[in-house]
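Here is a short report on one protein model.

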Amino acid sequence: SLHDALPICHAVERKMVGPAYKDVAAKYKGDKKAAEALAATIKAGGSGKWGPVPMPPNNVTDDEAKKLASWVLSL
């Protein structure tokens, strides 16, 4: 699966290097632009939203990033 191809920095239920996917979904709940913003962060990487550890960019297509963002937000 797409998730299996990414580095193991997140888990569904608990914090690892990065936040739990369920915490990400909760933070963006109700935000109509969340999927677009999250997909952009998945592709480009980011920092500062969840503490000092930066998230590196991921080598995924735009479509893959959108699918992953939608999956995270569905949790």
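**The largest pocket**

This is a predicted model. Its largest pocket holds about 540 Å³ of space. The lining is made up of 28 residues. Closest to the pocket centre are His-10, Gly-18, Pro-19, Trp-50 and Met-55. Which elements give two or more residues to this lining? They are helix 2 (21-28), helix 3 (34-44) and helix 4 (62-73). By residue class, the lining splits into 18 nonpolar, eight polar and two charged residues.

**The aromatic pair**

The structure holds one aromatic pair. Its partners are Tyr-21 and Trp-71, with ring centres 5.3 Å apart. The ring planes stand at 80°. Planes over 60 degrees apart count as edge-to-face, so the pair of Tyr-21 and Trp-71 falls in that class. Tyr-21 sits in helix 2, and Trp-71 sits in helix 4. The pair therefore ties together parts that are 50 residues apart in sequence. Is Tyr-21 buried or exposed? Tyr-21 is buried, at 8% relative accessibility. Trp-71, at 33%, is partly exposed.

**Lys-27**

Lys-27 belongs to helix 2. Its relative accessibility is 44%, so Lys-27 counts as partly exposed. Leaving out residues up to four places away in sequence, Lys-27 touches Lys-49 and Trp-50. Trp-50 is also among the residues closest to the centre of the largest pocket. With Lys-49 there is a polar contact: the Lys-27 side chain reaches the backbone oxygen of Lys-49 at 3.2 Å. Lys-27 and Leu-73 are 46 residues apart along the chain. Their C-alpha atoms are separated by 9.4 Å.

**Asn-58**

Asn-58 lies in the loop between helix 3 and helix 4. Why does Asn-58 count as buried? Its relative accessible area is 13%, and buried means under 20%. The side chain of Asn-58 reaches a backbone oxygen too, that of Ile-42, at 3.0 Å.

**Accessibility at a glance**

| Residue | Relative accessibility | Class |
|---|---|---|
| Tyr-21 | 8% | buried |
| Asn-58 | 13% | buried |
| Trp-71 | 33% | partly exposed |
| Lys-27 | 44% | partly exposed |

Technical notes. Residues are numbered from 1 along each chain as its sequence is written. This is a predicted model: local features need pLDDT of at least 70, side-chain atom pairs count only at pLDDT 80 or more; totals for chains, interfaces and linings use all residues. Side-chain values use heavy atoms; hydrogens and water are left out. On a 1 Å grid over the protein atoms alone, a cavity is a set of points where a 1.4 Å probe fits but cannot get out, and a pocket is an open set with protein on both sides within 12 Å along at least five of seven lines; lining residues have an atom within 4 Å of a point. Grid points are joined across faces, edges and corners, and a volume is the space filled by probe spheres set on the points. Helices (H or I, at least four residues) and strands (E, at least two) are DSSP runs, numbered from the N terminus. Ala, Val, Leu, Ile, Met, Phe, Trp, Tyr, Cys and Pro count as nonpolar, Asp, Glu, Lys and Arg as charged, and the others, Gly among them, as polar. Buried means under 20% relative accessible area, exposed over 50%, partly exposed in between (1.4 Å probe, protein chains only). A polar contact is a pair of N or O atoms within 3.5 Å; within protein, one must be able to donate a hydrogen and the other to accept it, and residues adjacent in sequence count only if both atoms are side-chain atoms. Contact means heavy atoms within 4.5 Å. Rings of Phe, Tyr and Trp (its six-membered ring) pair if their centres lie within 6.5 Å; planes under 30 degrees apart count as stacked, over 60 as edge-to-face and the rest as tilted.
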